[in-house]
Amino acid sequence: MADDTDFVKDSGQKGFNPALIVLLVVVGLLLTFLVGNYVLYTYAQKTIPPRKKKPVSKKKLKKERMKQGVSAPGE
């Protein structure tokens, strides 16, 4: 009878569950990816100057002023 209990204990200490290892690797890679993205994002915010807005064409300015009912200068 004592041999049966030893067998049950030994089977529990067989090793890691392969599904658990895969899960840990995937979660580790995901965390590494997210942390790396955050670090790059903060670095880029500090070093890269903000983008300049494209200049609005005079044609578009005239259209906007006409919509608002204000006469464009020089007309």
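Analyst: Let's start with a term we'll need: a residue counts as exposed when its relative accessible area is over 50%, and as buried when that value is under 20%. Keep in mind that this is a predicted model.

Now for the overall layout. Of its 75 residues, 1% are buried. The chain exposes about 8,000 Å², with carbon and sulfur atoms supplying 66% of that.

The part to zoom in on is helix H2, which covers residues 18-47. H2 has 30 residues and spans 43 Å from its first C-alpha to its last, close to the 44 Å expected at 1.5 Å a residue. How many of the residues in H2 are buried? The count is 0, and H2 is hardly covered.

Phe16 sits in the loop between helix H1 (2-12) and H2. Phe16 is called exposed because its relative accessible area is 70%, and exposed means over 50%. Phe16 also belongs to a nonpolar patch on the surface, together with Leu20, Ile21, Leu23, Leu24, Val25, Val27, Leu29 and Leu31. Together, the members of this patch have about 910 Å² of accessible area. A handy rule for looking at helices: an α-helix has 3.6 residues a turn, so residues three or four places apart point the same way.

Arg51 is found in the loop between H2 and helix H3 (58-68). Is Arg51 buried or exposed? With a relative accessible area of 84%, Arg51 is exposed, because the cut-off for that word is over 50%. Arg51 is part of a patch of positive charge on the surface, where it gathers with Lys54, Lys59, Lys60, Lys63 and Lys67.

That leads us into H3. H3 is hardly covered too, with 0 buried residues among its 11. After H3 comes Gly69, whose phi is positive, near 90 degrees.

Notes
Residues are numbered from 1 along each chain as its sequence is written. This is a predicted model: local features need pLDDT of at least 70, side-chain atom pairs count only at pLDDT 80 or more; totals for chains, interfaces and linings use all residues. Side-chain values use heavy atoms; hydrogens and water are left out. Helices (H or I, at least four residues) and strands (E, at least two) are DSSP runs, numbered from the N terminus. The expected span of a helix is 1.5 Å times one less than its number of residues. Buried means under 20% relative accessible area, exposed over 50%, partly exposed in between (1.4 Å probe, protein chains only). Accessible areas come from the Shrake-Rupley method with a 1.4 Å probe; for residues, only the protein chains shown count as cover. Patches are made of residues with over 30% relative accessible area and no salt bridge: like charges are joined within 9 Å, nonpolar side chains (Val, Leu, Ile, Met, Phe, Trp, Tyr) within 5 Å. A salt bridge is a side-chain nitrogen of Lys or Arg within 4 Å of a carboxyl oxygen of Asp or Glu. Lys and Arg count as positive and Asp and Glu as negative; His and the chain ends are not counted. The place of a charge is taken as NZ of Lys, CZ of Arg, CG of Asp or CD of Glu.
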